[in-house]
Amino acid sequence: MTWKNLKLKDLCEVFDDGNWIESKDQSNDGYRLIQTGNIKTGSFANRENKSRYISEKTFKKLKCKEIYAGDLLVSRLPDPIGRACIIPSLPKRSITSVDCTIIRVKKNILSKYLNYVMQSSQYFSDIKTKVSGATRQRISKKNLGEILIPTPTLTEQKQIINKLDTIFFEINSSILIEKNKLSKTDSISDSVLNSVLNNNWEMVSLGDVLKTSSGGTPLKSKKDYYENGKISWLKSGAVCEKEILSSKTFITQKGLDNSSAKIFPKNTVLVAMYGATAGQVGILRFEASTNQAVCGIYPNNKYLPEFLFYYFKFIKNDLLKKTSGVAQPNLSQLKIKETNLPKINIEEQIKKIKELDFAFNQLSIMQKNLKKKIRNLEDLKLSIIKDLIKN
């Protein structure tokens, strides 16, 4: 029997966006606000520790739409656009944000079958043809509703669900094993750093032996501070690799001259100071400026940048204990200058760097292999869906 290709909106009893909820509308308890971050491809991410709520009064005032267990939510924002999941039974009554589309299916389709379709490569390929937006791409509810869904009989849908449930259970179990192995590499990293750098060295205050400075941000309202800029300007999010080799953001000479931003030389060690990136460290391998959320430790002849990189990774947790800020941790340049460094010569630093480079290279190979296994297993799931669900 030939399957029908039906528009997504025509398969739904409810096909509607969530509500526009601003920060001022939120409260400490009440209806839980389910957001795009809760929606993974095919699964719901609880993230209860990041939950937000609105009160009963606000729910009524804004005429919010309640969502229920069994509903599908579709994220119309990346990444990837169009990812969907089924809402599980939650302890709190819930609503969702305006960037999510609520789906409650009709009797001719099963929500679990639709959820599998919405994990297929064909579905995401169709989504890409209907996205819009210059700075941040998304799909509109109207265009989402036009996506064609291959729709067999209910009997065939049940057969497909049963097959995929059985196969995916085995694959997901394997993925979980590999992800657990990957997560354990963090503790291996900590053990390596501890074994090499936990010594009874004589200590010296960083500020007594090294020069530091923070960056700055030119006024956003001044277009001529940014447009056609040629000076590399890094944000704290760029401090995420051992070697920082390029910049995605730039400022002009005028922007540099009219702000506290400054050019850091090659081999400056950068330490992120604010928010989620606080404590991250990297070595600048080219001349660049930064915003005020980054502290630069200038190169000198007493400490190799590679040694400082590893040492800051080693003391990251202790450093973060010194952070201030209720919502997000914030380091200060003063706290970094007060950090104690081991007083060791360049020859000893080179020896430690070689030990750590070897160990971390081996660890990197292990991580790459584990990530490749996980990708292969995810690709296997897509190929199985493609074989069972055909247009």
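A: Asp 79 sits in the loop that runs between strand E6 (72-75) and strand E7 (84-86), and, as this is a predicted model, what follows describes computed geometry. The peptide bond that joins Pro 78 to Asp 79 is cis, with omega at about 10°, and the bond from Asp 79 on to Pro 80 is cis as well, its omega being near 5°.

Arg 47, which is placed in the loop between strand E4 (31-34) and strand E5 (52-54), has a phi near 45°, a positive value in a residue other than glycine.

Beyond E7 the chain reaches Leu 90, whose place is in the loop between E7 and strand E8 (94-96). If its neighbours within four places in sequence are set aside, Leu 90 is in contact with Arg 32, Ile 34, Phe 44 and Asn 46. The C-alpha atom of Leu 90 is 33 Å from that of Ser 187, a residue 97 places away along the chain.

Two packed helices are described by the angle between their axes and the distance between the axes. For helix H8 (305-314) and helix H11 (346-388), the angle is about 65° and the axes are 9 Å apart, while the crossing is left-handed. On the H8 side the contact involves Glu 306, Phe 307, Tyr 310 and Lys 313, and these meet Gln 349, Lys 352, Ile 353, Leu 356, Asp 357 and Phe 360 of H11. Sorted by class, this contact has five nonpolar, one polar and four charged residues.

H8 also packs against helix H5 (154-197), where the axes come within 9 Å and cross at roughly 115°, and this crossing, too, is left-handed. Here Leu 193, Asn 194 and Leu 197 of H5 touch Phe 307, Tyr 310, Tyr 311, Lys 313 and Phe 314 of H8, and the classes come to six nonpolar, one polar and one charged.

Among the ten aromatic pairs that the structure holds is the one between Phe 264 and Tyr 298, which is tilted, with 5.4 Å from centre to centre and 55° between the planes. Phe 264 lies in the loop between helix H7 (253-257) and strand E16 (269-272), whereas Tyr 298 lies in the loop between strand E19 (294-297) and H8, so the pair links parts of the chain that are 34 residues apart in sequence.

The largest pocket has a volume of about 1100 Å³, and of the 35 residues in its lining, Ser 189, Leu 193, Phe 309, Lys 313 and Phe 360 lie nearest its centre. H5, H8, helix H9 (316-320) and H11 each supply at least two residues of this lining, and H11 gives the most, with six. The lining is made up of 16 nonpolar, ten polar and nine charged residues.

In the second largest pocket there is about 340 Å³ of space. Its lining has 17 residues, and Thr 41, Gly 42, Ser 43, Asn 172 and Lys 381 are the closest to its centre. Two or more of the lining residues come from each of helix H2 (111-117), H5 and H11, and in this pocket H5 gives the most, with six. By class, the lining divides into five nonpolar, six polar and six charged residues.

Conventions. Residues numbered from 1 in each chain as written. Predicted model: local features only at pLDDT ≥ 70, side-chain atom pairs only at ≥ 80, totals over all residues. Heavy atoms only, no water. 1 Å grid on protein atoms, 1.4 Å probe; cavity = no way out; pocket = protein on both sides within 12 Å on 5 of 7 lines; lining within 4 Å. Points joined across faces, edges and corners; volume = space filled by probe spheres on them. Helix = DSSP H or I, 4+ residues; strand = E, 2+ residues; numbered from the N terminus. Nonpolar A, V, L, I, M, F, W, Y, C, P; charged D, E, K, R; others polar. Axes fitted to C-alpha atoms, helices over the stretch in contact; angles between N-to-C directions. Left-handed = near helix turned anticlockwise from the far one by under 90°. Contact = heavy atoms within 4.5 Å. Phe/Tyr/Trp six-rings, centres within 6.5 Å; stacked < 30°, edge-to-face > 60°.
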